[in-house]
Amino acid sequence: MSSELLVDLGEDPATAQLGQLKLATIEDQQWPADESTLSKSETDISQHFDAGSPHLPWDHPFYDIARHQIIEVAGDDNFGRKVIVFNACRMPPQHQLDHHKLLMYLKGTLDQYVESDYTLIYFHHGLTSENKPSLGWLRDAYREFDRKYKKNIKALYIVHPTMFIKTLLILFKPIISFKFGRKINYVSYLSELEDVVKCEQLVIPARVKEYDNKLRASLKPAAQPPMSPPRSPPLPNQIFGVPLILLRQRSPDNDSVPVVMTDTISFLSEQGLEIEGIFRRSANVTLVKEVQLKYNSGTAVDFKEMEDVHLAAVILKTFLRELPEPLLTYQLYNDIVNFTCMFSDIVSYLLFGEMVPM
């Protein structure tokens, strides 16, 4: 069965015409054909690439792509995997965007993270007949992403899918491997993403949020999708998701460093310093939840018994991620941002004997 799913379009007469199909809804008229076929050598840009930054200098070869912020890197998901976001609504009209270059930019971004597990989130709303790429481009793009890209992608979330995108995936079924097909997930509402990643860390376009609100408003009250439940009071021994000041008050010794940080940092200092990328790899999700449950129930955790450096690293990242207020508190945010200015003033004083006027 897998061989049938991986069949080459060029050898099958029935699928050879796939490139001639139009990715169009009933209202759409026509879809321009590809300008060129992509090759491996043309799209290999992993060297000297500044991943996913929308702030590239104007003379950077990918400035004209990055400035649209179509592709963004949005931290880690709830399982410690890097999150790459693709925003369809930010794609300009076809004549204003080099789709070949967009593919190279996407590959260059992914090249920074494909050695570790990662998650891809695709916001479909905003893809229209004016800005969508051709079917042939999508086919070639899928083929460009070889095993190194597909192996470590753990999930592809398609947010606000339409009948168009579902039909597209059916058309692509002959060339999509069975394993990759199982990683595709449809997300109807933004609230459903909370199980995967905290939406506040994603820079979700305003158009996508407005569309999500319209979808909710169009539903009957009984059919409204479940909202994220309100935060309940912390359990007596709960550690994750609890303010640091409360953890300190609970500590018998008034210790300002929570036990989960002491345990994980001590273990990583002993056994993880020589392991490359300890904060980039994910851990077994079941084990992560079990360790969290132990800490929240007041049970002692010994990472030496588990002998998993990546598990300890994920637990530490999860604890910091779930803090109601970050370590660099909101109150100190402006002072920290302005620290570079203060440092510049100090350097000027030491070098020239005078402070730069504020």
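## Two residues with positive phi

Histidine 160 sits in the loop between β4 and α8. Its phi is near 55°, a positive value in a residue other than glycine. Histidine 160 is buried, at 3% relative accessible area. Buried means under 20% relative accessible area, exposed means over 50%, and partly exposed lies in between (1.4 Å probe, protein chains only).

Glutamine 69 lies in the loop between α4 and β1. Phi of glutamine 69 is also positive, near 55°. Glutamine 69 counts as partly exposed, with 27% relative accessibility.

## Model and overall make-up

This is a predicted model, in which local features need pLDDT of at least 70 and side-chain atom pairs count only at pLDDT 80 or more, while totals for chains, interfaces and linings use all residues. Residues are numbered from 1 along each chain as its sequence is written, and side-chain values use heavy atoms, with hydrogens and water left out.

The chain holds 17 helices and five strands. Helices (H or I, at least four residues) and strands (E, at least two) are DSSP runs, numbered from the N terminus. Of the 358 residues, 41% count as buried. Contacts (heavy atoms within 4.5 Å) with a separation of 6 or more come to 76% from residues 24 or more positions apart.

Five strands form an open sheet in the order β1-β2-β3-β4-β5, with mixed pairing. Strands pair if DSSP finds at least two bridges between them. β1 (71-76) and β5 (184-187) stand at the edges with a single partner strand each, so one side of each has no neighbour in the sheet. Neighbouring strands are turned by 25° against each other on average, direction ignored.

Strand β2 (residues 82-87) runs parallel to β3, joined by six bridges. Valine 83 has threonine 119 of β3 as its bridge partner. The chain crosses from β2 through helix α5 (residues 99-110) to β3 in a right-handed β-α-β crossover. Right-handed means that, with the strands pointing away from the viewer, the path from the first strand over the helix to the second runs clockwise. Isoleucine 84 is bridged to leucine 120 in β3. Six bridges also join β3 to strand β4 (residues 153-159), again parallel. There, isoleucine 121 has tyrosine 157 of β4 as its partner.

## Enclosed elements

Strand β3 (residues 118-123) is largely enclosed by the rest of the structure, because six of its six residues are buried. Tyr118, Leu120 and Tyr122 are buried on one side, and Thr119, Ile121 and Phe123 on the other.

Helix α6 is largely enclosed too, because eight of its ten residues are buried. Among them are Trp137, Arg139, Asp140 and Glu144.

## Nonpolar cores

A nonpolar core is a set of buried Ala, Val, Leu, Ile, Met, Phe, Trp, Tyr and Cys residues joined through side-chain atoms within 4.5 Å. The largest has 38 residues; Ile71, Leu102, Leu110 and Leu156 have the most contacts inside it. Elements supplying at least two residues each include β2, β3, β4, α6 (135-144) and α8 (163-171). Helix α5 gives the most, with six residues.

Leucine 110 touches Ile84, Tyr118, Phe145 and Tyr149, not counting residues up to four places away in sequence. A second, separate core of 24 residues includes Ile239, Leu247, Val260 and Leu323.

Technical notes. Axes are lines fitted to C-alpha atoms, for helices over the stretch in contact, and angles run from 0 to 180 degrees between N-to-C directions.
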